[in-house]
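This report goes through the fold, the charge pairs, the surface patches and the backbone of the structure shown below.

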Amino acid sequence: MLVSQILKDKGGAVFSIAPDLTLSQVCHELEQKRVGALIVCDGDKVVGVVSERDIVRAVARDGAACLEQPVSDHMTRDVVFAEPAETVAVLMTRMTDRRIRHLPVMMDARLAGVISIGDVVKCQIADAQREAESLRSYIAAG
């Protein structure tokens, strides 16, 4: 399955924040949106990703005081993107190799969606179920 198909199925909702929000505000947004990461945008430009993991690391380093610091101090700046024509297998490899769980997707120079590790796993499970059903049908017809 391709990234474009996953986005078509799940929708292109993207939760983004400004780089000057505090980590406390980011925590609130993560909880309200029920997601594990937010895309950090300066206008239309993606400048980072902030995840629960980034926040935990900030608290471990700086204590609770970090919660009043801007997200730009703690976000991941080296953003890894997914392309609409990439396959789930390619995403799995990239996510595993880079140890990341969220990939923003750019389409026509705009942010078109986010693919999470959960989306990839869901897709893999659906593919395995389709293959198993196909094999059952083949055996039953034999």
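Cys123 is buried, because its relative accessible area is 7%; buried means under 20%, exposed over 50% and partly exposed in between, with a 1.4 Å probe and protein chains only. The model is a predicted one, in which local features need pLDDT of at least 70 and side-chain atom pairs count only at pLDDT 80 or more, while totals for chains, interfaces and linings use all residues. Residues are numbered from 1 along each chain as its sequence is written, and side-chain values use heavy atoms, with hydrogens and water left out.

**Overall fold**

The protein has 142 residues, of which 35% count as buried. Five helices and five strands are present; these are DSSP runs, with helices (H or I) of at least four residues and strands (E) of at least two, numbered from the N terminus. Read from the N terminus, the order of elements is α-β-α-β-β-α-α-β-β-α. The C-alpha trace spans about 65 × 35 × 30 Å along its principal axes.

**Cysteines**

How many disulfides does a search of the whole structure find? The search returns zero, where a disulfide is a pair of cysteine sulfur atoms within 2.5 Å. For Cys41, which is in no disulfide, the nearest cysteine sulfur belongs to Cys27 and is 18 Å away. Cys41 is buried, with a relative accessibility of 12%.

**Salt bridges**

The whole structure contains five salt bridges, each defined as a side-chain nitrogen of Lys or Arg within 4 Å of a carboxyl oxygen of Asp or Glu.

| Lys33 | Glu29 | 3.2 Å |

Arg98 is partly exposed at 43% relative accessible area, whereas Asp78 is exposed at 53%.

Glu29 and Lys33 both belong to helix 2 (residues 23–33); they are four residues apart there, so about one helical turn separates them. Both side chains of this bridge have intermediate accessibility: Glu29 is partly exposed at 23%, and Lys33 is partly exposed at 34%.

**Surface patches**

Which residues gather in a patch of positive charge on the surface? They are Arg57, Arg61, Arg99 and Arg101. Patches are made of residues with over 30% relative accessible area and no salt bridge; like charges are joined within 9 Å, and nonpolar side chains (Val, Leu, Ile, Met, Phe, Trp, Tyr) within 5 Å. Lys and Arg count as positive and Asp and Glu as negative, while His and the chain ends are not counted. The place of a charge is taken as NZ of Lys, CZ of Arg, CG of Asp or CD of Glu.

A nonpolar surface patch consists of Ile117, Val121 and Ile125, which together have about 230 Å² of accessible area; areas come from the Shrake-Rupley method with a 1.4 Å probe, and for residues only the protein chains shown count as cover. Ile125, one of these residues, is in helix 5 (residues 117–141) and is partly exposed at 45%.

**Positive phi angles and loop positions**

Arg99, a member of the positive patch, lies in the loop between helix 4 (88–98) and strand 4 (102–107). Although Arg99 is not a glycine, its phi is positive, at about 55°. Arg99 is exposed, with a relative accessible area of 64%.

Asp108 is also not a glycine and has a positive phi of about 55°. The loop between strand 4 and strand 5 (110–116) holds Asp108, which is exposed at 76% relative accessible area.

Where does Asp20 lie? Asp20 is in the loop between strand 1 (16–17) and helix 2, and its relative accessibility of 58% counts as exposed. Between Asp20 and Asp108 there are 27 Å in space, C-alpha to C-alpha, and the two are 88 residues apart in sequence.
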